[in-house]
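Good morning, colleagues. I would ask you to turn to the structure now on the screen, and I shall take its features one at a time.

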Amino acid sequence: MNLFLVLEQALNGLQLGVMLFLMAAGLTLVFGIMNLVNLAHGSFYMVGAYLATYFYQATGSYLLGVLLGLAGTLLVGIAVELVALRTLYEREHLDQVLATFGLILFFNELMAILWGRAAIYTTLPDYLSGHVELFAGLRYPLYRLVIIAVGLAVAGLLWFVVARTRLGMLIRAGASNRAMVAALGVNVRLLYTLVFGFGAALAGLAGLMSGPIHVVQPGMGELILIEVFVVIVIGGIGSIRGALAGALIVGMADTLGRAFVRPMLATVLSTTAADTAGPALASMLIYLLMAIVLALKPQGLFPARS
Amino acid sequence: MNSRRRAIVLAAGLVLLAAVPPLAALANQPFYLDLVRRVMIFAIAALSLNLILGYGGMISFGHAAYLGVGAYAVGVLAHYGINNGYLQWALAIGASALVALAIGAVSIRTSGVYFIMITLAFTQMLYYLGISIAEYGGDDGMRLAVKSQFPGLVDLNDANAFYYLVLAILVLALFLGQRLVDSRFGMVIRAAKSNEVRTRSIGFSPYPYRLAAFVIAGAVCGLAGALLVNHTAYLTPEFMNWTRSGELMFMVILGGMASIAGPVLGAFALLLVEDALSGWTQHWQLVLGPLLVLSVLFLRRGLAGLLFGKNE
């Protein structure tokens, strides 16, 4: 097998992993601190992509589009939290699941009304398109490298905020003992709103970065949301470290699986059999992985509360 | 008092359902026969989910998978020319039970949020599997050219006969479901939902009971899938889409969880509302979404709670 192909796919896997981490971090933070299962997290991913595309087209500047898209998603997240989710904190997970499911329907349709049901293909500005020569012979798209860099930077920023700042201390305390934090006089409501908005912004960032690679369409959030769930289950709910580990594992496994399962099968089976079984097996790979992790460690690899 | 009231309402409901075909024929609106038949099929599926969700407390977000497995069992056999209804439906039930066993064996070892996410993930896995097998239509799905054949018993091409078959299966499911829930097995399931620690300390391990309930629910849903594919004469991987699972859960919650007939009410409510809304605007999901949110926030005991009173 071509070494360059493997390296290229490994980088793609890293890129997918980094995007999954952005989404998983928000989701796992919200669950860890507020005990809220938010299925509409995928909707923020979608909103981020749509807003960034819209602002890029409206202003002509990619960076402005990104900034406005992020700000817009943050606002949408805060609005959703204030209007719809406040009452759900005390309710059972089932109620949260169903209510956020209703939100998904609402947002998908809203995007379809505003921008149509057809898939939108976003373009990149010139300074971000094109390839970069990593080392002799290996050319890789610049944009994907930028995504990896941004993702890792955000991961670092997140670590810094959670481990080294006062806000992070409040977040960790809230995850550990919510009632006590409120009793100590912290404005828990504001904390929740901020955390939720921040998580939504992270999802929006992932969405707007993925826009140029995949298409922008209603329902795009749900496709990646399931993978994010797998990430969180593998990594451990409530743990950002787990989210990073899980995201990298899932990103790598999914990408490498899709690229290499069929060729590997073709060496032992006939081509037609490999053509049928290959994609099927590749798409099932991360779920099988999840099942294995669960069989061995039901709480995930790095559970937040041990 | 309450059980008498409940029995009367149930009986009235069944009489009403039985009266639909002649009424539809009288009004020359065969559409309503189709609509009610579809609702009844989903009611059977919702009923099966209620067993594990309402009585068992297992929030399975992957129940639509069994609709798909049952439908594909019938579709795949028909694809290869096997149209014998008994064989098809037996495979639908059997395959669904097996899949439920496999998924349940892994998932039931977890609980709470993990369980929700895992069942959701496994359903998506089956969905992607369905999409990727081009032989059986892949993304586009397959047509069911010939409905399940039950020579001598019933002809599914006869709309009325099919309708009454579905009604009969629904009644049977209601009856057996009630018996199951009232049995010792059902009591262990309900006890485990109510207080798992106490159940264990009495000496019952919830896991095998829950797994058994999960398999039964999967099998019944597989039968609903076989009915559905015969109804639509077409099947796609969308049968297994997770939004379908969400709809099933809504039918259970909307109808009221701790009652056997609740999901039937929920199925009618949800599907009739969807039908009415989609006739009104093509953006009906914009309205349905918030409606669902509101119903979760305010309709705590579901419609069955409203109709049958507090003791449900």
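This is a predicted model: local features need pLDDT of at least 70, side-chain atom pairs count only at pLDDT 80 or more; totals for chains, interfaces and linings use all residues.

**The interface of chain A and chain B**

Between chain A and chain B, 3 residue pairs are in polar contact, counting pairs with both residues at pLDDT 80 or more. On the side of chain A that touches chain B, the elements giving two or more residues are α4 (93-115), α9 (220-235) and α11 (271-296) of chain A. Of these, α4(A) supplies the largest share of that side, with 15 residues. By residue class, the side of chain A that touches chain B comprises 32 nonpolar, 6 polar and 5 charged residues.

How many salt bridges does the rule find across the interface of chain A and chain B? The number is 0.

Turning to extent, 43 residues of chain A are in contact with 39 residues of chain B. The area buried between the two chains is about 3900 Å², and carbon and sulfur atoms give 80% of that area. Within chain A, the residues that lose the most area to chain B are A:Leu94, A:Leu98 and A:Phe101; together they account for 15% of what that side buries.

I come next to the surface of chain A. Which residues form a nonpolar patch there? They are A:Leu3, A:Leu7, A:Leu134 and A:Phe135, with about 350 Å² of accessible area together. The elements that contribute two or more residues to the nonpolar patch are α1 (3-34) and β1 (131-135) of chain A. A:Leu134, for its part, lies in strand β1 of chain A.

Definitions and conventions:
Residues are numbered from 1 along each chain as its sequence is written. Chains are lettered from A and ligands numbered from 1 in the order in which they are written. Side-chain values use heavy atoms; hydrogens and water are left out. Contact means heavy atoms within 4.5 Å. Buried area is the accessible area (1.4 Å probe) that two parts lose on being put together, summed over both. A salt bridge is a side-chain nitrogen of Lys or Arg within 4 Å of a carboxyl oxygen of Asp or Glu. A polar contact is a pair of N or O atoms within 3.5 Å; within protein, one must be able to donate a hydrogen and the other to accept it, and residues adjacent in sequence count only if both atoms are side-chain atoms. Helices (H or I, at least four residues) and strands (E, at least two) are DSSP runs, numbered from the N terminus. Ala, Val, Leu, Ile, Met, Phe, Trp, Tyr, Cys and Pro count as nonpolar, Asp, Glu, Lys and Arg as charged, and the others, Gly among them, as polar. Patches are made of residues with over 30% relative accessible area and no salt bridge: like charges are joined within 9 Å, nonpolar side chains (Val, Leu, Ile, Met, Phe, Trp, Tyr) within 5 Å. Accessible areas come from the Shrake-Rupley method with a 1.4 Å probe; for residues, only the protein chains shown count as cover.
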